[in-house]
There are 2 protein chains.
Amino acid sequence: MPYKAISGIGEFGLIDRIASLVEPTLQAAPGLLTGIGDDCAVYQPAEGLLQVATTDLLVDQIHFDLLTTPLKLLGSKAISVNVSDICAMNALPRYALVSIAVPSSFSVEMIEELYQGMSYAAKEYGLAIAGGDTSSSRSGLVISITMIGEVAPEQLTHRSGAKPGELLCVSGTLGGAAAGLKLLMREKEIMLEHIENNEPYTKSAMAELKEYREVIQRQLLPIARLDIVRLFHAKNVRPSSMIDISDGLSPDLQHICRRSNTGALIHESRIPIHPDTRRIADELQEDALTWALTGGEEYQLLFTIPKEEYQAISDEKEISVIGEITDTEEGILLSDIYGMSIDLTSLKGFDHFSS
Amino acid sequence: MPYKAISGIGEFGLIDRIASLVEPTLQAAPGLLTGIGDDCAVYQPAEGLLQVATTDLLVDQIHFDLLTTPLKLLGSKAISVNVSDICAMNALPRYALVSIAVPSSFSVEMIEELYQGMSYAAKEYGLAIAGGDTSSSRSGLVISITMIGEVAPEQLTHRSGAKPGELLCVSGTLGGAAAGLKLLMREKEIMLEHIENNEPYTKSAMAELKEYREVIQRQLLPIARLDIVRLFHAKNVRPSSMIDISDGLSPDLQHICRRSNTGALIHESRIPIHPDTRRIADELQEDALTWALTGGEEYQLLFTIPKEEYQAISDEKEISVIGEITDTEEGILLSDIYGMSIDLTSLKGFDHFSS
């Protein structure tokens, strides 16, 4: 067999190949409205009702590190990342199926901690854990969650509906998840050094982490913005396009622009950077803006909305207007605080298969 | 943290603990009719329509061995095992979400082979691959598939509806999947010996496998019995309980009896053993009946049906009556060809966490 490395085509190249391979199956399901290429698949089980479905596979050492991640928080996060995909379609989560493959080193209590976290999060979001699969694993822990949500046809939002002239908005603040991850990685190194030098790694060594509590929570215990979706429904507002920021603000904006066939302009001064992020970035001699633009796992909602519709939600402090949608030819640009334009397509986000 | 080994409570003990941990989430979803404990979760998205959902996680070295499993067949099997769970609810498969975690040693072509197999199987069953997730893996290949099916409320079948006096039936023949697995494991040993001794392992060394083609197909390329479900629908017949044989005839019969609160009696002489299985068992000095009773991954349907309803399908050669449902107190028994009773609860099937 000829050998073509996956790193040569990257994660999104691979997804394109997969989409074309499964395309012949789509005609079997006339109720399917959206296949691969958005945050969720969309299908119509009955007149007047749409369902959306998403799935996430979390693998030890790729998506999480048990050295720095308590199992309860991991369980909660695994639920939240799926709820976030449901929210990106402007839908409400209903049912989850949870599969785990467990290494033999795990105890019953460890599995229980994991499910306690999932169960807690599910209750908070108002969804039921309806089934799943359990098996053993020869390597690390694997968690796979599939979630099904519901939405009225007139409320469904895709990545593809953005139009030039519309406002570009984001929920919450950005950069915190990246800052939290950097701190946890630094802490892990300290921990491993202590172990290597046969020194105790005690709670006192961790004490200073307290002041970073908020950004570490952004990384370990993200909250999907179901509150924003409920606000849209309550105010009878529908974003013209939406995505959740899992890859990073810049790459996820590019997903919206690519699907909508538009450009975009965002203003550096408008990007809501998490208050602790700048301080931590300075401390670690890194750049808070880069974290806010390319840091993944934020689970905030990035959406577009016509100016006249925006009025209904303009009082909401958790929503910031960061720019506007432009014509494709104008590109996808960041206007920095000096008024210089930076081409966002040249900034890289995380790619699972990049070398 | 205290340490309780999972092997101490086994796979089904673990599932019971998980079910009680997620139980508090169920009240969030009034449309959910069945949670953990059957082949699928069941919920009602709209009046007159039920959906069923199932998920399977397949992990390298636990569920498959790439040394003996071509990727196309693995892709097809991954789809079939989920279709089989949908069939066990008497439902029709509609949509699948497919997630993979891929080791860096995999090429683009290998992923394409896997998806070609999935796409081929999906087309055969008439379902759409509607979405999924891709990521890298530090260890082996992981495949997670979730499938959603549909069924009219009056056709839905659970594990729990069996009643004393009803007939116990099975589709197809049994024992073939276990025979195929044994042959593949023997072949793998021969292959590894050749490699160790630096001898070529050529096609000629494999030639004799041809005569075992059928049972190897049962293991590598199982076909879910959607044809039997379609027959039920066409003949307007509804089994009173049903399960697909993934753990083995004996353990899966015990699932039906436990959920239905009944006993059962099956007759050895009635069990349809795959014709090649006896010959292969003799050759390997193993017991074909044990394979038929405890061999997993058969993906045949085991169901119960009132005698009067059975008349409508009695001409169907692919369905065998193997016994009947009895009262709980009578136990779950096999009557062997000498008329002796064997307690099936003392035979062990596969447990992911048994030590």
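Predicted model: local features only at pLDDT ≥ 70, side-chain atom pairs only at ≥ 80, totals over all residues.

Trainee: Which residues in α4(B) meet α6(B)?
Mentor: From α4(B), G176(B), A177(B), A179(B), G180(B), L181(B), L183(B) and L184(B). They meet E214(B), V215(B), I216(B), R218(B), Q219(B) and L220(B) in α6(B).

Trainee: And how do the residues of that contact divide by class?
Mentor: The contact of α4(B) with α6(B) has 8 nonpolar, 3 polar and 2 charged residues.

Trainee: What about chain A, at what angle do α4 and α6 cross there?
Mentor: In chain A, the axes of α4 and α6 cross at roughly 100° and come within 7 Å. That makes α4(A) roughly perpendicular to α6(A). Residues of α4(A) in the contact include G176(A), G180(A) and L184(A), and among those they meet in α6(A) are E214(A) and R218(A). By class, this contact has 8 nonpolar, 3 polar and 2 charged residues.

Trainee: How many residues does each chain put into the contact?
Mentor: Chain A gives 75 residues, and chain B gives 75 residues.

Trainee: Which elements of chain B touch chain A with two or more residues?
Mentor: On the helix side, α1 (10-22) and α3 (108-125) of chain B. The strands are β2 (41-46), β3 (49-59), β4 (92-103), β5 (128-137) and β6 (142-151) of chain B.

Trainee: Which one gives the most?
Mentor: β5(B), with 10 residues.

Trainee: And what classes of residue are on that side?
Mentor: The side of chain B that touches chain A has 43 nonpolar, 22 polar and 10 charged residues.

Trainee: Why do you say the copies meet through the same surface?
Mentor: Because 100% of the interface residues of chain B are also interface residues in chain A.

Trainee: OK, sheets. What is the strand order in the sheet of 6 strands?
Mentor: In chain B it runs β1-β2-β3-β6-β4-β5. The sheet is open, with mixed pairing. β1 and β5 of chain B stand at the edges, each with a single partner strand, so one side of each has no neighbour in the sheet. Neighbouring strands are turned by 20° against each other on average, direction ignored.

Trainee: Which helix packs on that sheet?
Mentor: α2 of chain B, residues 71-87. This helix touches β3, β4 and β6 of chain B, and its direction makes about 35° with that of β6(B).

Trainee: Are β4(B) and β5(B) paired in the parallel or antiparallel sense?
Mentor: Parallel, over 9 bridges. L97(B) stands opposite G131(B) in β5(B).

Trainee: And how many bridges join β2(B) and β3(B)?
Mentor: β2(B) and β3(B) pair over 4 bridges, in the antiparallel sense. A46(B) stands opposite L49(B) in β3(B). The two strands form a hairpin with 2 residues between them, and G48(B) in the turn has a positive phi of about 80°.

Trainee: What about β1(B) and β2(B)?
Mentor: They pair in the antiparallel sense over 2 bridges. T34(B) stands opposite V42(B). This hairpin has 6 residues between its strands, and G37(B) in the turn has a positive phi of about 125°.

Trainee: Now the sheet of 7 strands. What is its order?
Mentor: It goes β8-β10-β7-β11-β9-β12-β13 in chain B. This sheet is also open, with mixed pairing. The edge strands are β8 (241-244) and β13 (341-343) of chain B. The twist averages 25° from one strand to the next.

Trainee: In what sense do β9 and β12 of chain B pair?
Mentor: In the parallel sense, over 4 bridges. H267(B) stands opposite S335(B) in β12(B).

Trainee: Last one. What are the domains of chain A?
Mentor: The domain assignment gives domain 1 (6-155), domain 2 (167-182 + 215-346) and domain 3 (186-214). The centres of domain 1 and domain 3 of chain A, taken over C-alpha atoms, are separated by 32 Å.

Technical notes
Residues numbered from 1 in each chain as written. Chains lettered and ligands numbered in written order. Contact = placed C-beta atoms within 7 Å. Nonpolar A, V, L, I, M, F, W, Y, C, P; charged D, E, K, R; others polar. Pairing = 2+ DSSP bridges. Axes fitted to C-alpha atoms, helices over the stretch in contact; angles between N-to-C directions. Domains from an automatic or database assignment. Parallel < 35°, antiparallel > 145°, perpendicular 65-115°, else oblique.
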